[in-house]
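Student: Could you walk me through this model, beginning with the ligand and then turning to the strands?

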Amino acid sequence: MNEKGKATLSYGEGKTVDLPVYGGSHGPDVIDIRKLYGQTGMFTYDPGFLSTASCNSAITFIDGDKGELLYRGYPIEQLAKNCDFLETCYLLLKGELPDAEQKKQFVGQVTNHTMVHEQMQFFLRGFRRDAHPMAVMTGLVGAMSAFYPDSINLNDAKQREISAIRLIAKLPTLTAMAYKYTVGQPIVYPRNDLGYTANFMRMMFAVPAEEYKINDVLVRALDRIFILHADHEQNASTSTVRLCASSGTNPFAAIAAGVACLWGPAHGGANEAALNMLYDIQRDGGEAKIGEFITKVKDKNSNVRLMGFGHRVYKNHDPRAKLMRETCHEVLNELGLHDDPLFKLAMSLEKIALEDDYFVSRKLYPNVDFYSGIVQKAIGIPVPLFTAIFALARTVGWIAQLNEMIADPEYKIGRPRQLYAGAQRRDVKK
Ligand code: CMC
């Protein structure tokens, strides 16, 4: 952070205050308002954090106007094409891409932690079989603090490192366990001779009665979903993890808070919501009803949104969506699904929305979740599990952000203020 000058704020009757202005390496400068309350007795008001930088971070940068996403300075397009998910994890956690030896060590570390405490199966069995996977995942991730009590001290760097490896390694196992439990199939244990994503797919789809064949196109597609979802700077779930951890709670609890936040349909739940929307249109009559559906979306009184379209930050295009669209066509080709009615419907919806003035004028482009939902559905991942897959991928980003916060000498417990607009002080009448 370098100080670039001052911004002067006039307030009250002829009073002014000078506030420092800092510049980062990319993106807008910031006005430092930390002392504003002390100097003026006023708070700033910014519900939804539309103009507030909540921290100083060196992990991920988004230029929403350009449609650019960088992890540690590397464009997402280059990472998605040249790296795998575990290399991306290393980059997010440590700041640099690993060399061959560093990668070997990191992969070895993660691989050694893929199994989960056997007792976690019994904990899992306490859930209803029809429980939403995100309810189960919030519970399982939070429960890791009970199963791994030797790595819950947030202020101990070694314990933080072990909890990070455990989370990255065990999330695929837990997600697959949650799925197998729902469908009533035996839990498949991890196999450490497989890569991270291939191992996850085997735990999801293998059954003891048959040999499971790894399909490299599908593994690469899922690995790309993981890379594209690994971090996204200070979004709602990441800010939740930071805020939660700022109280000094343990890393598993903070990541569980992130999982809970991600569940919402305006955030990680969008890919599930997008697929459900496609099912609804299909039930109502399919392609012939798209026009009617779009009319509803445009009607301000309908509260219907085109799920998988629009983004708070990307106002030009979502760079992840372009990559995911490419993967989407690869997967549909590999599986011979281009003529499947649901996927045809998705492609027609995409075409109509991209040409419709309502969406064009509001800069509402398909976001990553529109395509990632289609890819996951084609791979065979059930719709309610989509957000759990997102959580699996985002866990590394949450951890990197949490570690960065703890290492920041300026870190304090997060405590927003408010503009109180309720009843004035009054007395209870007896
Ligand atoms: N369908 C129809 N209209 C929309 C949509 C949509 N998906 N998104 C925004 N609009 C309209 C909105 O009605 C408003 O119109 P007007 O100016 O006439 O009032 C205008 O576009 C601006 O909308 P906004 O709500 O102010 O935009 P926002 O930046 O607050 O919302 C959003 C961003 C992602 C919540 C929203 O676009 C949305 O609800 N999209 C659908 C859900 C979705 O796909 N979310 C996933 C985001 S990507 C995953 C991630 O990175 O977490």
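Tutor: An oxygen atom of the ligand sits 2.9 Å from an N or O atom in the side chain of R305, and a polar contact here is a pair of N or O atoms within 3.5 Å. This is a predicted model, where local features need pLDDT of at least 70, side-chain atom pairs count only at pLDDT 80 or more, and totals for chains, interfaces and linings use all residues. Residues are numbered from 1 along each chain as its sequence is written, and side-chain values use heavy atoms, with hydrogens and water left out.

Student: How many residues of the shell around the ligand are charged?

Tutor: The ligand is surrounded by 21 residues, where near means a heavy atom within 4 Å; H267 and N367 are among the closest. Asp, Glu, Lys and Arg count as charged; Ala, Val, Leu, Ile, Met, Phe, Trp, Tyr, Cys and Pro as nonpolar; and the others, Gly among them, as polar. The shell then divides into eight nonpolar residues, six polar ones and, as charged, seven.

Student: Why is one side of β4 and of β6 left without a neighbour in the sheet?

Tutor: Strands are DSSP runs (E, at least two residues) numbered from the N terminus, and two of them pair if DSSP finds at least two bridges between them. The open antiparallel sheet has the order β4-β5-β6. β4 (60–63) and β6 (74–75) stand at its edges, so one side of each lacks a neighbour, as each has a single partner strand.

Student: Which residue of β5 is the bridge partner of F61?

Tutor: β4 and β5 run antiparallel and are joined by four bridges. F61 is buried (under 20% relative accessible area), on the side of β4 that also holds D63. Its bridge partner in β5 is L70.

Student: And which residue is the bridge partner of L70 in β6?

Tutor: β5 (residues 68–71) pairs with β6 in the antiparallel sense over two bridges. In β6, the partner of L70 is P75.

Definitions and conventions
Polar contact = N/O pair within 3.5 Å; in protein donor to acceptor, adjacent residues only side chain to side chain. Buried < 20%, exposed > 50% of the residue type's maximum accessible area, 1.4 Å probe, protein only.
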